[in-house]
Each structure stands twice: as C-alpha cells, then as structure tokens.
There are 2 protein chains.
Amino acid sequence: MIKAAIMGCGTIGSGVYEAVERNQEVIQRELGEELRIAKILDLRNFPGEPFEKLVVHDFQELVSDPEIRIVVETMGGTKPAYEFVKACLLAGKQVVTSNKALVAAHGTELLQIAREKQINFFFEAAVGGGIPVIRNLGSGYAGQVITEITGILNGTTNYILTRMEREGADFAAVLSEAQELGYAERNPEADIEGYDSCRKIAILASIMTDREVNFEEVHTEGITKIDSLDFRYAAKLGASIKLVGSALREADGIAVTVFPLLIAQDNPLYSVSGVYNGILVKGNLLDTTMLYGSGAGMLPTASAVLADMLEAAKHPAENLLYGWHGKALSPKPVAESSHRYLVRFAGNAAELGAEAAERFGRAELIVLEGTEEFALLTPRMREREYRTIAAGFSNIISMIRAELD
Amino acid sequence: MIKAAIMGCGTIGSGVYEAVERNQEVIQRELGEELRIAKILDLRNFPGEPFEKLVVHDFQELVSDPEIRIVVETMGGTKPAYEFVKACLLAGKQVVTSNKALVAAHGTELLQIAREKQINFFFEAAVGGGIPVIRNLGSGYAGQVITEITGILNGTTNYILTRMEREGADFAAVLSEAQELGYAERNPEADIEGYDSCRKIAILASIMTDREVNFEEVHTEGITKIDSLDFRYAAKLGASIKLVGSALREADGIAVTVFPLLIAQDNPLYSVSGVYNGILVKGNLLDTTMLYGSGAGMLPTASAVLADMLEAAKHPAENLLYGWHGKALSPKPVAESSHRYLVRFAGNAAELGAEAAERFGRAELIVLEGTEEFALLTPRMREREYRTIAAGFSNIISMIRAELD
C-alpha cells in the first residue's frame with residue numbers, strides 16, 4: 001500500500017479524499033497496489049466525516065511519518081503552504097499541489113529541490129482544473145517546439161462574460177448574481193482583475209520556454225471595464241470577447257499577457273462558454289489543438305490531483321521532465337506586441353469617424369445605432385504605434401485588443 | 001544515440017523523418033541524447049531525398065539490426081504490416097504505429113507480445129492524428145472511471161458535412177470537390193461509410209473498458225444518406241449533424257456505435273468544423289472534457305508518432321499501461337440504446353403530421369416550407385421501440401439519431 005497525506009481539507013482537499021476512496025478499484029488496477037490517504041492535516045476537526053480519524057493538526061506528525069510517500073497540498077496561498085511543501089520535498093516526499101499561487105511564486109525552487117531529491121513536484125491541478133494541460137505539454141506534445149499557448153484560464157470571468165454576451169447585461173449586475181450563485185467569490189479581485197489567469201499563464205509560459213517566467217512581469221488586464229456596448233460592437237464584428245492568457249514565441253522574445261480579446265468564430269476558443277476553460281496549444285508540428293473542460297470544481301480538480309498522485313506513485317524515485325529548469329526569462333514589453341484594436345470614441349461618427357479612421361491607417365468604422373459614440377477596428381500594428389496615435393485623441397473611451405482577420 | 005527505423009515512407013513516414021530531423025534540438029533536451037532515423041524500409045528508392053541513403057528494401061535488414069531499438073510502422077493496412085510489426089516486437093524492438101487498421105485488427109495480440117517482452121507497442125497517431133487522446137486516457141485521466149468517449153474522428157466526413165451545412169450543398173457535389181482538393185480519397189468508402197471512425201472508436205472503447213472491442217461488432221452508419229434537407233431540419237432545431245463514434249458505459253453494457261448524430265449548440269462537438277477532430281471524454285470525476293485538433297495531415301500525425309517514440313525511448317525496458325488487457329467484450333445491440341430520432345416522412349404535414357406525432361409519443365413536428373415532406377423529433381426511446389413504431393409507416397424517408405434536450 002502506498003500512503004499519502006492531504007494538507008488542507010477544504011473543497012479540493014476533501015474532493016481528493018473522496019476521489020481516492022471512490023476510485024480505489026481503478027487505482028489498484030492501474031498501480032497494482034492500494035493508494036490510500038493516511039493523514040489529513042487541517043486546523044479543524046471533522047466530526048462525523050468518514051476521514052475524521054485521519055485528521056492531524058501538527059505538520060510535524062505528517063512530515064516525520066516515514067510511511068507517507070506522497071503529500072497533496074490543497075491549502076492555497078503561500079503561507080504556510082510554501083514552508084510545508086518545501087519541508088516535505090526535503091524530507092523526500094513527493095508533492096502534488098493544486099495551488100497556482102504557490103507554483104507561480106516558488107515553483108522554480110520547489111522543482112529544483114524535487115530534481116535534487118530524484119522525486120517529483122507535480123501541479124497539474126493548478127492550471128485548467130480537470131484539463132491535463134501540463135501533462136500534455138510534457139508528454140502528449142513531446143518533441144515539439146510549442147509556439148503558442150492561449151487559454152481561457154478562469155471560469156468565473158468566462159461565466160460573467162458569457163452571460164453579459166447572451167443577455168446584454170452589464171458587468172456589475174452579472175458579477176453580483178454570480179456571487180450569489182457561488183460562481184464568483186465575495187472578494188472577486190483575483191478573478192476579475194486577471195490575477196488568477198496571470199499566475200496560470202506564467203506557469204504555462206515557464207513550461208513552454210523551460211525558463212522561469214515571473215507572474216509579476218506579465219502584463220495583466222481584467223474584465224472590469226468591459227460593458228454591454230463592447231459586446232454589441234463585438235456582435236457586429238461576428239466576434240466574442242474572452243479573457244485570455246497568452247504565451248507567444250515571437251522572433252524578438254516571448255510575449256506573455258492577460259487581457260480581454262476579441263476573437264472570431266473560427267477560433268476554437270470562441271465556443272468556450274460559461275465556467276469552462278479552453279487552452280489552445282500550437283506547436284511547430286502539431287498545428288492547432290485545444291484542450292477543453294472544467295477549469296474548477298471539486299471533483300474535476302481532484303481528478304487532476306489524483307492523476308498526479310498516480311504518476312508520482314508509479315515513479316517513486318525518478319524525477320520526470322516536468323516544469324522548467326532555466327533561470328528567469330522576462331517577457332517582452334506589451335508595447336512591442338502587435339494586435340488589431342477595437343477603439344471606442346465619444347462623439348458622432350459622421351462628424352469624427354472618417355478622420356479618426358484615417359489617422360489609424362484606414363481603420364474600419366463601426367457605428368452603434370442609438371449611441372453617442374462609435375468605434376474603430378484598426379489594422380494590425382505594434383501597441384507602441386497604437387499608443388502614439390491614440391495619444392492624439394481626447395475622446396477615446398476604451399480599447400480592446402482583437403485577434404480578427 | 002538511440003536509433004529508430006521507419007517502415008513505409010509515404011506521407012506519414014516521411015513526415016516522421018522530417019519531424020525527427022527538424023526537432024532534434026528539443027528531442028535531445030527531452031531525452032538527454034540523440035534520436036535518429038537509421039533505416040527506412042520501402043519498396044521504392046528516393047533519389048535526391050535527404051534520407052536516400054537510409055532506404056532499405058529488405059525487412060530482414062531492419063529486423064536483424066540490433067542497433068535499432070524503435071520501429072515506426074507507417075505502411076498502413078494489415079499486410080504485411082501485421083507480420084512485420086509482430087516480428088519487430090518478437091525481436092525486442094519497441095513499435096510505434098499510426099495504423100488504425102492494424103491496431104483494430106491485431107492490437108490485442110501485439111499489446112500482449114509487447115507486455116511479455118517488457119517493451120511497448122504505441123499507437124497514439126492511429127486515433128485523432130495529432131490529438132494525444134490515447135496518452136490522455138492512459139495518463140492525464142489516470143485513476144478515473146471513463147464513462148463516455150464520443151468523437152468526431154474522421155476529418156474527411158466532417159469537412160463534407162461542414163460544407164453541406166454552410167453552403168446548403170448536396171453530398172455528392174461536396175464529395176467530388178473534396179476529392180479534387182485532396183481532402184477525400186478517390187476511393188472514399190473507408191471515410192464516408194464510417195469504417196475509419198469505426199476502427200478508431202473500437203480502439204478507444206477497448207482502452208476505456210480494458211477489453212478488446214472488435215470493430216466488426218460496432219454498429220456503423222456513414223454519411224452517404226445525409227442530404228441538404230437534413231441540414232435544413234437541423235437548423236430549425238438549432239442543431240448540427242456530425243458523424244460521431246461513441247463508446248458509452250451504460251447499466252446494461254457498453255454501447256459502441258458510429259452514426260450521424262444531431263447535436264445541440266451547447267455540445268462542445270458542435271463547434272468542431274472542417275477537417276478538425278474533436279473527442280469528448282467524460283469521467284466519473286472529470287465532468288466533460290474535449291480534445292480538439294488536426295485529425296490527420298503529415299506533420300500533426302507525425303507529431304503523435306514522435307511523442308510515442310520519445311515515450312518509448314524513455315522506457316526502453318518497461319511496459320507502460322497502455323492499450324487493453326482483457327478478453328473480448330461485445331457491445332450491446334444498438335436496438336437497446338436510447339436516443340431521440342429525427343424522422344422524415346413523405347407527404348403533407350397538415351394531413352399526416354398530427355397522427356404520426358401521436359404514434360411516436362407526442363413527437364415534435366417540424367415542417368420545411370416548400371417541400372412535400374415533414375419530420376418528427378421523437379421523445380427519447382429505445383431504438384427497439386422506435387423501430388416497432390416506425391414499421392407501422394410506409395412513408396418514412398430517413399431517420400437520424402439526435403442528442404438534443
């Protein structure tokens with residue numbers, strides 16, 4: 001029997017316990033032996049729960065137990081997760097985590113310790129919930145130069161944007177409903193400001209480049225400024241607006257960004273709606289592929305943790321090629337990236353549209369009936385150039401980048 | 001250096017050679033050593049090609065070369081692929097194939113030989129081209145009870161159906177254009193009759209159940225009877241028609257089928273268009289996920305072969321848990337499966353519709369203006385029951401199964 005422990009028995013942690021119990025038969029068939037949760041570290045007691053007797057309150061009881069070979073970290077945050085995970089790895093225990101904050105902040109060091117110990121630090125569940133994107137990057141797409149990863153990485157914001165699009169509703173109204181339904185947290189900043197997507201794309205960019213991409217260097221914009229008129233403009237263009245995290249290998253460096261993006265119907269991400277995540281991967285052989293699924297949720301996330309636990313169990317003393325090795329790599333400034341831009345202007349299209357369009361290099365003019373504004377869809381240009389031209393206007397309301405032909 | 005050989009230097013085989021050469025740097029980083037193609041078996045010579053000097057015509061030269069550890073089979077068909085692959089495995093060489101006909105017909109035996117030899121027989125490229133569905137089933141979704149695999153598994157038929165839908169065109173016209181463009185073969189039966197999808201879903205069903213599902217027992221219908229009116233009915237239902245292969249774990253057995261299916265817009269497969277493939281996987285923890293990508297094409301398929309080659313190279317003497325073990329498992333008869341059915345009737349809807357709808361249990365009546373026919377969308381019922389009711393009519397034109405709410 002392989003013994004594992006769980007640190008942090010919240011939604012994900014208890015889901016992992018349930019997954020291991022429920023799927024014991026499959027697990028035994030795949031491993032050739034039992035895999036059981038032997039200890040659960042939490043501050044609370046869980047009277048009446050089936051795992052009540054497994055609960056311990058002292059980390060030392062867990063880390064000093066030589067029988068525990070795999071530790072699952074589902075506490076979230078970095079304190080004390082970082083300290084605990086590091087201690088577990090140093091004690092020779094393999095670690096599986098669902099904690100993107102931990103991986104984004106300390107992944108490089110923790111991966112390095114795992115390598116030195118010839119064990120593994122796995123974090124499939126930290127990105128894309130039940131979608132095995134990290135395993136695919138490491139194994140399914142092996143031998144490939146990955147040229148692009150672009151994903152809808154946050155279910156909460158995708159749910160909000162989808163409802164705004166379908167109902168013509170405004171951001172604030174949908175957010176507060178989403179909070180009531182439990183799809184958004186009371187403190188929604190991490191989601192709606194793009195911080196969650198930022199950590200996830202930093203992790204994926206690090207894997208793609210084999211270098212540490214610091215999430216603090218990722219240009220990040222959230223969805224709080226998107227309003228119902230943006231979706232009316234998008235509809236006129238046959239496009240949707242999605243919050244995407246993107247890592248692009250370009251001639252002059254790696255572009256790593258999070259922002260709302262107009263995407264066309266023929267983009268596979270266009271159809272990723274509601275709380276689902278979609279992650280588009282391009283390789284130099286592969287063409288375009290997309291992984292789609294539940295980006296959050298107790299059991300989908302637990303399923304990713306479980307897959308990592310099995311991988312760890314199968315390789316008790318072998319460090320697999322996951323994560324990244326190299327020293328830090330800074331993304332190129334967003335000003336050096338090229339996009340098209342949907343730019344909204346206050347004022348009358350008939351009066352101001354033609355001249356504005358001309359200044360942006362014959363941009364496409366889009367007029368919304370019944371409003372006192374208009375928009376331009378510019379040609380593709382460097383953001384630096386866009387900013388220079390935009391600085392010449394005093395009536396710009398907003399800008400959304402566009403990936404449209 | 002790890003030496004590999006390729007048997008069959010057609011489109012895929014030459015793509016594998018190109019992939020190995022082009023991505024040598026990534027390969028060496030991932031393997032820690034070189035992986036090179038040392039021999040290529042083909043009946044032809046390839047004067048002027050970069051691999052000209054690697055070509056051999058005698059299989060014995062390849063199988064008796066102790067330096068060759070991995071053999072890629074991209075000949076297609078079962079003769080002589082079966083005999084050659086078996087001989088390679090018996091000689092202790094790992095085999096990677098893109099040949100679904102071979103895997104569907106002889107997979108059980110070849111997997112068994114690989115297990116006895118503690119090597120691997122991999123076939124990622126046989127299903128879904130560049131989509132790593134088999135690796136995901138074996139690793140990304142480890143520890144999971146897979147309850148359903150439903151896929152658009154054939155790019156040619158999906159291309160034809162997509163064009164029929166978008167252009168209102170008829171099957172024969174689109175097929176002949178697809179043939180001219182090279183998207184369909186001159187002898188298109190394997191695609192349009194569903195035989196290709198049938199072999200692929202049989203392979204996936206075998207992996208899902210860990211038992212051999214014989215492709216000859218898979219109920220298979222192609223797309224040759226779909227016409228432009230079917231798409232007009234579908235549009236009225238907000239649905240699309242896709243050729244899907246499906247393996248479903250049900251209370252009374254495994255249903256494994258290939259047929260055209262009406263699917264709703266909220267089904268992730270709805271948006272899989274053109275030559276792309278999409279494979280939807282459901283697990284008891286996972287919820288719904290989908291893998292999307294190029295189902296064919298030289299380099300995407302070669303990328304799947306290459307990933308298998310790297311996996312084989314990393315595990316030179318360890319049989320990984322891929323494929324299936326158990327003895328044969330027969331799918332349940334299609335008559336025992338339940339669907340909704342879109343049934344087209346000759347005649348006047350006003351005269352005949354109401355009574356027909358009543359006999360199918362208050363089916364939904366759909367009228368196409370300007371035609372001498374109408375259709376019913378029945379409630380969900382066993383196909384056995386559908387057939388009994390349908391037998392009472394002499395004016396049924398066609399039936400398409402529907403996965404609609």
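A residue counts as buried when its relative accessible area is under 20%. I start there because one of the residues I want to discuss, B:Glu336, comes out at 17% and is therefore buried. What we have on screen is a predicted model.

B:Glu336 has a partner. Its side chain meets that of B:Arg382 in a salt bridge, with 3.5 Å from N to O. The two sit in distant parts of the chain, 46 residues apart: B:Arg382 is in strand β18 of chain B, residues 381-382, and B:Glu336 is in the loop between β14 (326-328) and β15 (338-346). B:Arg382 has a relative accessibility of 34%, so this residue is classed as partly exposed.

Now to chain A. There, A:Glu336 and A:Arg382 belong to a network of salt bridges that also takes in A:Glu250, A:Asp252, A:Lys332 and A:Arg384.

Next, a second pair in chain B. B:Glu21 and B:Arg36 form a salt bridge whose closest N and O atoms are 3.5 Å apart. B:Glu21 belongs to helix α1 (residues 11-22) and B:Arg36 to strand β2 (residues 35-41), so the bridge ties together parts of chain B that are 15 residues apart in sequence. How accessible is B:Glu21? The value is 33%, so B:Glu21 is partly exposed. B:Arg36, at 23%, is partly exposed too.

Back in chain A, A:Asp65 bridges to A:Lys39, and here the closest N and O atoms are 2.9 Å apart. This pair also links distant parts of its chain: A:Lys39 lies in strand β2 (residues 35-41), A:Asp65 in the loop between α3 (59-63) and β4 (68-73), and 26 residues separate them. Are these two buried or exposed? Both A:Asp65 and A:Lys39 are buried. For the whole model, the count over all chains is 58 salt bridges.

Last item, helix packing in chain B. Helix α7 (residues 155-167) packs against helix α8 (residues 171-181) at an angle of about 130°, and the axes are 9 Å apart. At that angle α7(B) is oblique to α8(B), and the crossing is right-handed. Which residues make the contact? From α7(B) they are B:Tyr159, B:Ile160, B:Arg163 and B:Met164; from α8(B), B:Phe171, B:Val174, B:Leu175, B:Glu177, B:Ala178 and B:Leu181. Sorted by class, the contact between α7(B) and α8(B) has eight nonpolar residues, two charged ones and no polar ones.

Notes: Residues are numbered from 1 along each chain as its sequence is written. Chains are lettered from A and ligands numbered from 1 in the order in which they are written. This is a predicted model: local features need pLDDT of at least 70, side-chain atom pairs count only at pLDDT 80 or more; totals for chains, interfaces and linings use all residues. Side-chain values use heavy atoms; hydrogens and water are left out. A salt bridge is a side-chain nitrogen of Lys or Arg within 4 Å of a carboxyl oxygen of Asp or Glu. Helices (H or I, at least four residues) and strands (E, at least two) are DSSP runs, numbered from the N terminus. Buried means under 20% relative accessible area, exposed over 50%, partly exposed in between (1.4 Å probe, protein chains only). Axes are lines fitted to C-alpha atoms, for helices over the stretch in contact, and angles run from 0 to 180 degrees between N-to-C directions. Angles under 35 degrees count as roughly parallel, over 145 as roughly antiparallel, 65 to 115 as roughly perpendicular and the rest as oblique. A crossing is left-handed if the near helix is turned anticlockwise from the far one by less than a right angle, and right-handed if clockwise. Contact means heavy atoms within 4.5 Å. Ala, Val, Leu, Ile, Met, Phe, Trp, Tyr, Cys and Pro count as nonpolar, Asp, Glu, Lys and Arg as charged, and the others, Gly among them, as polar.
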